[in-house]
Each structure stands twice: as structure tokens, then as C-alpha cells.
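Okay, thanks for coming, everyone.

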Number of protein chains: 2
Amino acid sequence: MAHPVFSVSGRSETPARVRVKARGFELVIDEPADLGGEDTAPNPVEYVLAGWVGCVNVVAHLVARDLGIEIRNLEISAQGPLNPDRLFGKPTGDRAGFRELQLDVSVDSDADEETLRTWIDQVEARCPVSDNLVQQTPTRIHVRRLTTA
Amino acid sequence: MAHPVFSVSGRSETPARVRVKARGFELVIDEPADLGGEDTAPNPVEYVLAGWVGCVNVVAHLVARDLGIEIRNLEISAQGPLNPDRLFGKPTGDRAGFRELQLDVSVDSDADEETLRTWIDQVEARCPVSDNLVQQTPTRIHVRRLTTA
């Protein structure tokens, strides 16, 4: 029960832009113009994809070390199709979020094919962000009133 | 099938740090020292939480407009407990990712309690990132060899 808790807190700056603090770091999230923003920063789902890429990078190196594989170079990209109709309140049979997600991993390594297959399977199984995207996670949302001057 | 595709691409800089491009924007992701990084940027799961906060901000304003609610001020924080044992390859019965997620929304608005309840329920239902965290999403991972000089 005493597991580390990760947290961020944000303040809305416009209907599409929010400034988020994560420990001592600050992140800005916005939307492109066609999604109602001013295009000053990556958008929310790009942040999620970036977190997935970042997580796979970390786990890829941990698993490689465990398997005795040398990784000389690693490139990771992530993508997915998303129908914004539900977001905008339009009638749709599609879900609100990504219908599916794809990760492309390019690795420079001498490991053979079978070892690379074992490697990527373990990366997927040990990656926290993969787990939260692939599996269900219970969420709670609390609302309180904020009184400002 | 012709839904917008969102994508990002990253290049590993260290075993914990990756530099990600999202359209014209660049994001850096790292880990704190106790998770094997150099603490130069927020970590992957903080990026996911930030994306959730950013998404809720966007949807909160869209739903408020649809319901005729004025939002004068909005603060959003997100958090969750995560046991890193599976990430590090240690024996554990816990999942790799967040066991649960909590979002705290503080709003300055004249809307009554019932309207705010309707508002937040619709925000949750229309938010793409909430959907991808709460529900399952199929993922595919492709590996290819990268040959570098």
C-alpha cells in the first residue's frame, strides 16, 4: 500500500491550454487550431504517446541489461487513430480515445531474432505505461469548488 | 477509418532519457535518480498524468459551453500509486502500471451542485485520455533492426 505516488497539478490558462507542474518541472499542453487551441505546445494525447515512448525507452534498457543484450541505438515512435466526434459531443459509435495504438521500435543490436522477440515481450510486460494503456485502470474524479478573488 | 492519426517519434539519448518530436514540438523525458535517470525532465508516467490533466481541461471547457456553464477558473491535479517492482524485474503480484488513478478538479463557477455533477460525468465520458486509461486498448509493437554507422 505504501507504493510511490506520482502526481502532477495543472492550472487552466485557456480553454485548451494548461500549465502543469511535475515535481520541479513545468509542462505546457495546448491544442492545434482545428481542435480549439492556439497550437503553442503538444496536445494531451501527444503527451500520452510521448510518455509511452519514454517508458519503453527505460524498460527496453533495463530488460536488455537483464538479458545481456547491448543496445547501441534505439528509436521509438508511437501512433494511433482517434475520432474526435465524442470529444466534441457529436453522435458517434466510436469510443472517445484511441481505438488502437501502435509502437514502432528500431534497435541497433547484435542480438539474434529470438532474443529480440524475448526482449520486446518482456518490455511490453514490464512497462508501466503499456500496462495502463492495454489494461483497465479504476479512476476516481473529485470535484470541489474553487473560490477565487 | 479515416480518423486523424496522432503520432510522436523519439530517439533514446540515455537509458532513461528520450527526446520526442510531436509535430513541430520537442519533449524531453527522463527519470529521477532513484529510477535510474539524471532527473533532467519529468518522467514517463508524469507525462501520462499531464496528458490526462490537459485533456480534462479541454473537455471541461467544451462540456461547460454545451451546458451553458461559465468556468472562471479551473485547477486539475492527477495522481496514482505505482509499484515499480515489475518494472525492475522483481517478483511481485502487483501490476506494472498505476493500480488506480485519481483526478481532483477545482472549479470556480456559479453552476449548482447537480449541474456540476452532470458536467463532470460528461467530461469523463468525452475525454479521450480518460477513455484510454479506464478502458482497454489493443496495442501492437513492431521491432525492426536499425543499422547505424
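What you have here is a predicted model, where local features need pLDDT of at least 70, side-chain atom pairs count only at pLDDT 80 or more, and totals for chains, interfaces and linings use all residues. Residues are numbered from 1 along each chain as its sequence is written, and chains are lettered from A and ligands numbered from 1 in the order in which they are written.

Strand S4 of chain A, residues 73-81, runs antiparallel to strand S1 of chain B, residues 5-12, with seven bridges; pairing takes at least two DSSP bridges. Look for Ser77(A), which sits opposite Ser9(B) in S1(B).

Now chain A by itself. It has three helices and six strands, in the order β-β-β-α-β-β-α-α-β. Chain A's radius of gyration is 19 Å, well over the 15 Å that the globule rule gives for 149 residues, so the chain is more spread out than a compact globule. That radius is taken over C-alpha atoms, and the rule is 2.2 Å times the number of residues to the power 0.38. Helices (H or I, at least four residues) and strands (E, at least two) are DSSP runs, numbered from the N terminus.

Last stop, helix H2 of chain A, residues 113-126. Which of its residues are buried? Trp119(A), Val123(A) and Arg126(A) are. They cover an arc of only 80° around the axis, so they share one side of H2(A); the arc is that of the directions from the helix axis to the C-beta atoms. Helix H1 of chain A, residues 44-67, is included in what covers them. Over on the other side, Glu113(A), Glu114(A), Arg117(A) and Asp121(A) are exposed. Buried means 20 or more other C-beta atoms within 10 Å of a residue's own, exposed means 12 or fewer, and partly exposed is in between, with C-beta atoms placed from the backbone.

Key:
Two residues are in contact if their C-beta atoms, placed from the backbone, lie within 7 Å.
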